Amino acid sequence: MRRSLVAGNWKLNGSLNSISELISGIRERQDQVKNAELAVCPPFIYLSHVQGLLQGSDISLGAQDCSDQESGAYTGEVAAEMIKEFGCTYNIIGHSERRHIYGDSNETVATKFAHVIKNGLIPILCVGETLQDREEGHTEVVIAKQINAVLDLFGVKAFAKAIIAYEPVWAIGTGKTATPEQAQEVHEEIRLIIGAQNKDIAANIRILYGGSMKPENAEHLLAQPDIDGGLIGGAALKAEDFIGIAIAAN
Ligand code: PEP
């Protein structure tokens, strides 16, 4: 039985004050969430602050990326080993904003994935097609390439402790959401890709949907058999909306 995960990707947002308010809003409403696990992924600089605010709760902490290097002369980078020191459980890898704005290739993402696993964190590996990919009928090929970049290097066993997030690039931050049927189709395909190598791992891996998920559209998306939760951007910045999505997983 896969437990739903609703994870907030805060991106480049927040301040000491606004984050304190957000966490206290989430904690106040948390008992309305019956089945889903909650996680928040703040910017690196706030990890320690949020770690403190989460004390005594069962909300998990995650980071939004990590370096593809372990240590050394890499100005501005943050290593997976450092992230682990701040009580993180998860680390988002391969987000489309990293791939498209900062040029993370499939190979870079695979290297980061390896650092995350090596340091006992759970990668949330983001995959997703652009609008052009979809319109040209390339969705499956693009997704398969993104997953195979990790599978080919590290084998299917690396996915025993991983999460995949399907995030169609055209739905991120745009207000456009994949229909439940469109999302389910890709989630099923992702499970088949993993299942071709190991059926148990495929049956157990959690596959999240991300892309303009809100309380109003979450219920139908989360009701799909292969959708095991959500990676939430904009709506994760309001406690009421974030918890509203998690309630939809009930
Ligand atoms: C995201 O960035 O992971 C995301 C899903 O963003 P939004 O919910 O704002 O579309």
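The protein exposes about 11500 Å², and carbon and sulfur atoms supply 50% of that area; accessible areas here come from the Shrake-Rupley method with a 1.4 Å probe, and for residues only the protein chains shown count as cover. The model is a predicted one, so to speak of local features takes a pLDDT of at least 70, and side-chain atom pairs count only at pLDDT 80 or more, while totals for chains, interfaces and linings use all residues. Residues are numbered from 1 along each chain as its sequence is written, and side-chain values use heavy atoms, with hydrogens and water left out.

As for the overall build, the protein has 11 helices and eight strands, taken as DSSP runs numbered from the N terminus (helices are H or I over at least four residues, strands are E over at least two). The radius of gyration is 17 Å, close to the 18 Å that the globule rule gives for 250 residues, so the protein is as compact as a globular protein of that length. That radius is taken over C-alpha atoms, and the rule is 2.2 Å times the number of residues to the power 0.38. Along its principal axes, the C-alpha trace spans about 45 × 45 × 35 Å.

Turning to the inside, buried residues make up 53% of the 250 (buried means under 20% relative accessible area, exposed over 50%, partly exposed in between, with a 1.4 Å probe and protein chains only). Of the contacts between residues at least 6 apart in sequence, 72% join residues at least 24 apart, a contact being heavy atoms within 4.5 Å. On the charge side, there are 21 positive and 32 negative side chains, and the centres of the two sets lie 4 Å apart. Lys and Arg count as positive and Asp and Glu as negative, with His and the chain ends not counted; each charge is placed at NZ of Lys, CZ of Arg, CG of Asp or CD of Glu.

The largest nonpolar core holds 67 residues, a core being a set of buried Ala, Val, Leu, Ile, Met, Phe, Trp, Tyr and Cys residues joined through side-chain atoms within 4.5 Å. Ile-26, Val-40, Val-50, Ile-147, Phe-159, Ile-190 and Tyr-209 have the most contacts inside this core. Leaving out residues up to four places away in sequence, the residues touched by Val-40 include Trp-10, Ile-26, Val-50, Leu-54 and Phe-242. A second, separate core has 12 residues, among them Leu-5, Tyr-90, Ile-92 and Ala-165.

The loops have a few things to show too. Most residues other than glycine have a negative phi. Lys-11, in the loop between strand S1 (5–9) and helix H1 (16–29), has a positive phi near 50°. Ser-212 also has a positive phi, of about 55°; this serine sits between strand S7 (206–209) and helix H10 (215–222) and counts as buried at 15% relative accessibility.

Phe-86 lies in the loop between helix H3 (80–84) and strand S4 (90–93) and is partly exposed, at 32% relative accessibility. Apart from neighbours within four places in sequence, Phe-86 contacts Leu-47, Ser-48, Gln-51 and Leu-61.

The loop between S6 and H8 holds Val-169, whose C-alpha is 5.7 Å from that of Glu-129, although the two are 40 residues apart in sequence. Beyond residues up to four places away, Val-169 touches Ser-96, His-100, Gly-128, Glu-129 and Thr-130. Thr-174 is found between strand S6 (163–166) and helix H8 (180–195) and is partly exposed, at 44%.
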